[in-house]
Amino acid sequence: MISSDSSAVEPINDPESLCGTASATPITDSSSTTAKKDGKQNDQHHDVEQAENSIVTEDDTNTSDVKDCKDVEVAEGEEKPSFKKRLLAFWHTYEFLLLILIVICLARAYPPLGAEYVAPQITASWCAVMFIFLYSGLGLKTNDFAKAFQRVDVNAFVQMFNFGFVSAVVFAGTRVLEAASILSSELSDGMVIASCLPMSINMVHVLTDAAGGDDPLAVINAAAGNMIGVFLSPVLILGYVGVTGDTQVTDVFYELTLKVLLPVVVGQIVQKTMPKFIALFNKYKEYVKKAQEYALVFIVYTVFCKTFSKDAVSSFGEIFLMIAFVFLFLIFVMTVAWFTMRLLFRDYPEIRIMGLFGCTHKTIALGIPLISAVYEGSPNVGTYTLPLLIWYPMQLIVGSLLVERLRKFKKDELIRLGRVEDCESPSCSTGKEMGDSVAVTASDLESANITGHSNESEDGKDEST
């Protein structure tokens with residue numbers, strides 16, 4: 001009987017159906033069972049189709065996003081900056097250097113404007129200098145000055161290098177050049193005299209601040225170096241060259257106190273007692289910093305106007321010789337200073353940047369009066385002044401070219417030392433604020449770290465980095 005019933009049932013060709021019928025239940029209603037299985041299979045096929053469609057849609061979306069990104073990259077790659085944009089970018093990068101070159105040309109074109117008509121003895125010697133150091137007093141923290149005073153090792157090294165090593169190297173080099181009849185004795189003596197002078201107050205401070213160096217150390221070393229130079233520079237000149245003269249020490253101290261120390265002290269007092277003014281100052285600090293640089297440009301302009309108005313310029317051959325040898329001496333002492341600072345203060349990039357300028361720069365504001373006082377009445381005063389007149393703009397040009405590189409160096413060193421948070425300061429930027437990109441990178445790493453921990457642990461507990 002069973003065989004007759006089973007012969008009436010339609011054969012099941014689907015293997016899955018055969019597997020399903022291999023159970024212990026009797027095949028009494030095969031048509032209903034087959035219909036149910038067909039319905040499940042249809043549902044499964046429908047789910048599979050939906051999953052495949054969703055995968056295809058997601059792939060299409062990702063592909064379209066990638067294509068869009070590629071199109072954007074191609075579009076960005078095809079858009080080349082115009083000549084105007086490239087010119088503006090070049091100007092913003094080397095604005096300070098270009099302004100210096102422009103004002104030197106203007107000073108040569110018409111010297112009386114900056115030598116007489118703008119009253120440089122008031123506007124440049126007093127107003128511009130006091131404004132530069134008032135900015136320092138407003139922007140620098142008192143704790144930074146206290147720390148700078150405590151760095152006796154740095155201060156002593158900078159002063160000894162500036163007065164001792166630089167003058168010894170220049171003296172030895174010029175004696176060799178004089179013995180080889182390459183330089184005249186007057187020019188070689190002029191280079192030695194320039195090397196015995198203290199560092200430039202304005203330039204060391206401005207370039208150190210622009211490159212992200214230790215500004216409090218720059219201010220302290222510049223002021224202290226000029227005060228020491230009133231006594232030490234004539235002694236060095238007497239020892240190397242053998243000629244001395246009288247200098248008004250009290251007048252120099254009086255002017256340095258009023259021009260440098262007083263504005264810094266006033267700025268510190270305002271910083272502590274007038275918070276609303278400081279908030280306004282911080283809001284427009286970028287513009288005030290630009291004004292500070294323009295003040296230095298104005299000082300350079302008046303100095304060269306005075307120089308060209310006095311016709312204290314030698315022949316073109318002597319000028320080219322001075323440019324070449326001053327450049328070589330400056331590069332040599334800067335290189336030695338940089339690697340020596342790296343050896344002594346390897347983990348202090350701000351100090352190394354300040355030392356690069358403080359160890360090698362020479363002042364023209366104190367230098368020219370000092371040369372005039374020491375060699376008053378000498379017919380070689382103009383020749384003695386020439387090396388200083390070349391050293392001064394040369395150190396400015398070289399320093400301006402190094403500012404952007406030093407900013408990047410500081411950023412890399414701070415990352416190496418694990419001081420990423422310090423890169424958020426404006427002094428750690430190159431062109432645009434590089435500190436923002438560093439801060440974003442740090443936050444991205446932190447968020448990635450947190451995401452990784454949350455994937456590993458269901459509790460979602462973050463581990464501090």
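Helices here are DSSP runs of H or I with at least four residues, and strands are E runs of at least two. By that count, this predicted model has 20 helices and zero strands.

**Whole chain.** Start with everything shown. The protein has 465 residues, and 39% of them count as buried. Take the contacts with a separation of 6 or more: residues 24 or more positions apart account for 79% of them.

**Main core.** Select Phe133 and Met191. These two have the most contacts inside the largest nonpolar core, a set of 95 residues. Next, colour helix α19, residues 381–416. This helix supplies 13 residues, the largest share of that core.

**Around Phe133.** Zoom in on Phe133. Leaving aside residues up to four places away in sequence, its contacts are Ile201, Asn202, Val219, Lys259, Val260, Pro263 and Val264.

**Second core.** Now pick Tyr135, Leu138, Val270 and Phe281. They belong to a second, separate core of five residues.

**Helix pair.** Move to α16 (residues 316–344) and α17 (residues 349–358). Their axes come within 9 Å and cross at roughly 155 degrees. Angles over 145 degrees count as roughly antiparallel, so that is how α16 and α17 run relative to each other. The crossing of α16 past α17 is right-handed.

**Their contact.** Show side chains on both helices. On α16, select Met334, Trp338, Met341 and Arg342; they meet Ile351, Arg352, Ile353, Gly355 and Leu356 of α17. Colour this contact by class: six residues are nonpolar, one is polar and two are charged.

Key:
Residues are numbered from 1 along each chain as its sequence is written. This is a predicted model: local features need pLDDT of at least 70, side-chain atom pairs count only at pLDDT 80 or more; totals for chains, interfaces and linings use all residues. Side-chain values use heavy atoms; hydrogens and water are left out. A nonpolar core is a set of buried Ala, Val, Leu, Ile, Met, Phe, Trp, Tyr and Cys residues joined through side-chain atoms within 4.5 Å. Buried means under 20% relative accessible area, exposed over 50%, partly exposed in between (1.4 Å probe, protein chains only). Contact means heavy atoms within 4.5 Å. Axes are lines fitted to C-alpha atoms, for helices over the stretch in contact, and angles run from 0 to 180 degrees between N-to-C directions. Angles under 35 degrees count as roughly parallel, over 145 as roughly antiparallel, 65 to 115 as roughly perpendicular and the rest as oblique. A crossing is left-handed if the near helix is turned anticlockwise from the far one by less than a right angle, and right-handed if clockwise. Ala, Val, Leu, Ile, Met, Phe, Trp, Tyr, Cys and Pro count as nonpolar, Asp, Glu, Lys and Arg as charged, and the others, Gly among them, as polar.
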